[in-house]
Amino acid sequence: MLKQFLKSIEQFGSFSEADQKLITEQLKPINLEKGTFILEQGRTCQSAYFVNKGSLRHYRDLDGYSEVTINLFIENNWVLDHTSFTSQSKSTNNIQAYEDCELLELSMQSMHELVALSPAFFRLGKILEPPRNEEKLQLKTPEERYIDLMNEKPELIQRFPLKHIASYLGMTPETLSRVRAKVKF
C-alpha cells in the first residue's frame, strides 16, 4: 500500500528515507464501502486522500435532482476538495466512493506538522493544485474533450457510467453518445 504512495510523492521531488518515514507515519489507512462519503456538502475538507484502490466521484448536487461531476478519481490519484481545503470553508461539493476503496488519509494538521519538521514537505503543496483547468475545457469542442480523456485517462471510461463521464466533460449524455459514434479509437 505504501509503495504506490511513495511513488506518487516522487512527482513532487525526491524525499530522503527519513522524510519518507516521517510522512508514512502521518498516514491513516481508511477502507470505504461503495457509496460512503469522505466529504459532504456543507462540511469542510480537512484531509487529502491518496487512492490506493477503488474509485471516487467529486460532484455538486445542484437541486436534489441534478448533479455535476467535477472530477473522477482512481488508483494513484490524490482526492480533496481544493477550494474547501485551502480556504477551510464549507464545501459546496460531495466526494463519494463509487467503488469500495482503500485510501491513505493525510490530514491538514499532519501536513502542517510535516512542514514544521522539514522544509522538504513544502513540496506537498503541489497536491493542493487544482486538477484541471475549467477554462481550457470550455474552449474545446465536445470531440476534443472526449479525445483528450481517451488519450490521458482512458481507464475512467471503463470505470464510470457514461452519465458521469458526460457530466465530467461538460456535456449531456446524448451529446457524448453522438461524440462516441463519431470518434473511433
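Modeller: Two strands count as paired if DSSP finds at least two bridges between them. Helices (H or I, at least four residues) and strands (E, at least two) are DSSP runs, numbered from the N terminus. This is a predicted model; local features need pLDDT of at least 70, side-chain atom pairs count only at pLDDT 80 or more, and totals for chains, interfaces and linings use all residues. Residues are numbered from 1 along each chain as its sequence is written, and side-chain values use heavy atoms, without hydrogens and water.

Now the sheet. It is open, with 4 strands in the order β1-β8-β3-β6 and antiparallel pairing. β1 (28-32) and β6 (78-79) stand at the edges; each has a single partner strand, so one side of each lacks a neighbour in the sheet. Strands β3 (residues 47-53) and β8 (residues 101-107) run antiparallel, joined by 6 bridges. Ser-47 sits opposite Ser-107 in β8.

Next, the helices on the sheet. Axes are lines fitted to C-alpha atoms, for helices over the stretch in contact; angles run from 0 to 180 degrees between N-to-C directions. Contact means heavy atoms within 4.5 Å. Helix α4 (residues 108-117) packs on the sheet and touches β3 and β8, its direction making about 55° with that of β8. α1 lies across β3, β6 and β8, at about 125° to β3.

α1 also has a helix partner. Leu-2, Phe-5, Leu-6 and Ile-9 in α1 meet Gln-20, Ile-23 and Thr-24 in α2.
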